[in-house]
Amino acid sequence: MRRLLTVLLAPLLALLPAPLVTGTAQARPQRQVTYDHWSLMLDGRRVVLQAAEFHYFRLPSPPLWRDVLEKFKAAGFNAVSLYFSWAYHSPRQGVYDFTGVRDLDLLLRTAAETGLYVIARPGPYINAETSGGGLPAWVKTVPGRARSSEPGFREAYREWLDRVNPIIARHQYGRGGPVILYNAENEYQVNTDAAYMQDIQDRARAAGIDVPITTNDCCDAGSWSSTWATGPGAVQIPGVDDYPQSFACDNPEEWGPWGEGLTERLREDIPVFAAEYQAGAIDLGGAGYDRCRELTGPAYMKFFYKNNLIQTGATMLSYYMGFGGTNWGWLGQPNDVYTSYDYGAAITEARRLTPKYDEFKRQGLFLESVAPLARTDPLAARPVPDNAALTTVARANPDTGTQFVLVRHADRAATSTDTATLDWAAPDGRYQVPVRVAGRDAHVLVAGYDLGGQRLAVSTSEIMTHAAIGGRDVAVLYGTAGSPGATVLRYDSAPRVTVLAGRVTSTYAGGDLRLDYTHDGLARVLVTGGGRRPLLLLLGTDEEAAAFWRAGTAGQPVLVRGTELVRSASVTGDTVRLTADTAAGEVEVFAPPQARRLRVGGADVAVTRTASGSLLGVTRAPAPVRLPALTGWRGRAETPEAQPGFDDSRWTAADRTTTVSPHKPRTLPVLYADDYGFHQGDIWYRGHFTATGAETSVDLNAVTGLRGDYLVWLNGRYLGAAAGGVQADSGDQATPPNPDPGPGHFAVPAGVLRPGADNVLAVLVATMGHNDDWIADDLRFKQPRGLVAASVGGAPIRWRVQGAAGVDPVRGGLNNGGLYGERSGWHLPSHPDRSWPAADPAATPLTPGVTWYRTSFRLGLPEGRDVPVGLRAAGEPSPGHRALIFLNGWNIGRYGADLGPQREFTLPAGLLKERGENTLALAVTAERPLPAGPGPFELFAYGNVRR
Ligand code: GAL
């Protein structure tokens, strides 16, 4: 789709005039965000923006926001990109909630406290595979095309912006906060309306937002920048989204099927902005997110990210996603995702670090440490490899002369390992250095760089980080295991070289100290004298480099090798204190020489001083944890609504004859659930009619979104189920909406009708969320949910409809649908279930309709630990039933053979009481009689670290 659009837009682009060049902002005011051709500047100081995307709404546990953001920071990210979901904050027109798990002040404060800048992305439309793309479902019932300036929608989106903008404004950089960019709309490239795009920006400015406004372009079109640069809607810094690996997680060997992933330079007066660069994938084919993590794994990251960095000189980078999270409640859009939004990201849904995180850290610390990269121009005089299989691309900083050379295969898909000698005319001289590149790998090599107090002439190892610590420089360089390395440093006179570990040879001639070695384990070289302060060079493999952390302190930074994660560090007197996650292993700290003692997480760690001048100790394994078995289930069937005598008099009468939806109903009244204020999950309908007795079939049509269904009863007799209609996803606006999207025809059984009397048709529709509005055509987004057509013979039917009973004040409007049990609070921990009979969901036969199961369990996880807990459904579920899973009242997932591949569900701490009593409730809807329901269920731990 994305690709298709690029192709469609290409001819259009050729007609565009050359980009306009506007003046650059070079002033150096205090607390101001400016930019020029090369980079963003904060108070005149250049920064390479390194952001990762995080959806707070997919992690409804504010204490865990800090955990994730600290993990971002520790990987070298200096920013977080935040979509703000309108739908998450507004259950009804005029009703907004910014408290509890929706507290944006807290979120933005947490980002600031973690040391991250913020790209604020309030939409109003965000996509992100959220229900309605972030547009609240009530917007489906207001007139005016969504994502346009048409009246109706205009009042609606202004309502949101006028609430969220002041929050963003007060956390701006200029006011001491972290927000440095404001992103307007999302991939707004087709069916556009410049007045709307301009109004979003005008309202931001009116709210006092003074940071640069950006937008993310889906399709390399340069929208809102070139033709439109001076016209309404143009933004200051347009950026481009790139997803070169596609979303084919079932084929993780893919290599850039959606292009080379080189972020275009859109204008000369702005930096190159990779507004969303692929860092994971939605699991379209249901392969599971581990495969998405393979598709977008370290090899992809090395090749594509480094290419982007050096070929296009992008200095504004935002990776989508850094952490994906969970589509809990009815947050997700139905077509592309299921409960988990793990995304195959570097940090898993259970907040665990993966090899992708290691690669982010290697690249992230490099960008953080090597300042000249923030201002580079292409360098024509690049070192040419003497093997045509390999090629180079180079950039140089015009102020310092520092060169950055990308070495990779000429054929980007090559899988062979090739070697070459680079003949390198570097700023400090001409060097012949060996390189070896594995297929689909890429290295960024640096020459002519003032590395702290040293002069790095050239190196074929990559720089991970370096820091001045206690009167010397400590540098971590790395390369692929087994590959040759050569590092040349400049000295006034021959320095003293002490190889502390590993095999490294050195020669000195003409001011050049040359070290030659093979990347193997972790070599350590101490260089002293030669007219410079001492240097400790740590030369490792990729894996060894990944073990390093860098943490700022009030004084000099410290480097740490080992532990699972270093969150922060301080040095006072003779003691280094680390806030770190630890398991069993070594911990080695490179700190100023006065430091003799180490405390990790409040506990002393015995250390010895190494020949490298570091402190070396060992952390113990945390004691294993035991999680309780899930026993003592009780069960209770519900579905009273199916019975003819059920009192529906307080339900909403569904009697409208018109709708603002562009999808017009085939039968009246209009039965669209949204039109009656019921927006998600299960929706009940009861239709009363006077039968003649001659009716032979019940003919219905319902739209649910992918994987939804509906169940039908007539006078209490179950007639069966049908699949609900899905989004007609041709992407082609000329194709009219499918008039018959989710048909169900049910024969009327003999003896069920009561001629001349009131007959009751009861229908339970499981809706699955709202379509997004990716192409801003309104048709997908405003596709109704619920019944869209109904007839029983020709008799008029008087309908009533019921969805969620109200808005949960803590969990919000997306937590519940309209099941009887939900309306009666059966999902809540407080519900008294003592009178329910014992019933094991995995061993109790199901009848059509809804059956609930509840159990409770007590956890006693130790303090000072991070033990992410999950719920696993063992065994293969049988088709025909689906379960909503509630943890302490929170709808944390949907499980079933018909609902996607997911069998494990994270139970985030906060919702989960780690030390206390927890309640699990399952609402199981069966389409047909089944010998047993879902399960058996068990708790499991994803990990176990001390904190
Ligand atoms: C982008 C979009 C994001 C998300 C992503 C796919 O194009 O801007 O919101 O939908 O695709 O996960």
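Mentor: Buried means under 20% relative accessible area; over 50% is exposed, and partly exposed lies in between (1.4 Å probe, protein chains only). Before going on, note that this is a predicted model: local features need pLDDT of at least 70, side-chain atom pairs count only at pLDDT 80 or more, and totals for chains, interfaces and linings use all residues. Residues are numbered from 1 along each chain as its sequence is written, and side-chain values use heavy atoms, with hydrogens and water left out.

Now the pairs. A pair of aromatic rings is described by the distance of the centres and the angle of the planes. Rings of Phe, Tyr and Trp (its six-membered ring) pair if their centres lie within 6.5 Å; planes under 30 degrees apart count as stacked, over 60 as edge-to-face and the rest as tilted. The structure holds 54 aromatic pairs. Y300 and F304 have ring centres 5.0 Å apart and planes at 35°, so this pair is tilted. Both residues lie in helix α8 (residues 298-312), 4 residues apart, about one turn of the helix. Helices (H or I, at least four residues) and strands (E, at least two) are DSSP runs, numbered from the N terminus. Y300 counts as buried because its relative accessibility is 1%. F304 is buried at a relative accessible area of 0%.

Back to Y895 and F905: this aromatic pair is edge-to-face, 6.2 Å centre to centre with 85° between the planes. Y895 lies in strand β51 (residues 890-895) and F905 in strand β52 (residues 904-907), so the pair ties together parts that are 10 residues apart in sequence.

Y300 and F304 also belong to one aromatic cluster, whose members include F54, F72, W255, Y277, F303 and F360.

Charges over rings come next. The criterion is NZ of Lys or CZ of Arg within 6 Å of the ring centre and within 35 degrees of the ring normal. The charged end of K361 sits over the ring of W549, 3.2 Å from its centre. R656 lies over the face of Y676, at 5.4 Å from the ring centre.

Now helix α6 (residues 194-206). Its 13 residues reach 18 Å from first C-alpha to last, close to the 18 Å expected at 1.5 Å a residue; the expected span is 1.5 Å times one less than the number of residues. Its buried residues are Y196, M197, D199, I200, Q201 and A204. They pack against β6 (117-123), α5 (153-170), β7 (179-184) and β8 (213-217). D193 caps the N-terminal end of α6, with a side-chain oxygen 3.0 Å from the backbone nitrogen of A195. After α6 comes G208, whose phi is positive, near 90°.

Two single residues remain. T610 is found in the loop between β35 (607-609) and β36 (615-619). The side chains of T610 and S614 are joined by a polar contact of 2.6 Å. That term covers a pair of N or O atoms within 3.5 Å; within protein, one must be able to donate a hydrogen and the other to accept it, and residues adjacent in sequence count only if both atoms are side-chain atoms.

L535 lies in strand β27 (residues 535-541). L535 is buried, with a relative accessible area of 1%. Leaving out residues up to four places away in sequence, L535 touches, among others, L451, D473, Y491 and V527; contact means heavy atoms within 4.5 Å.
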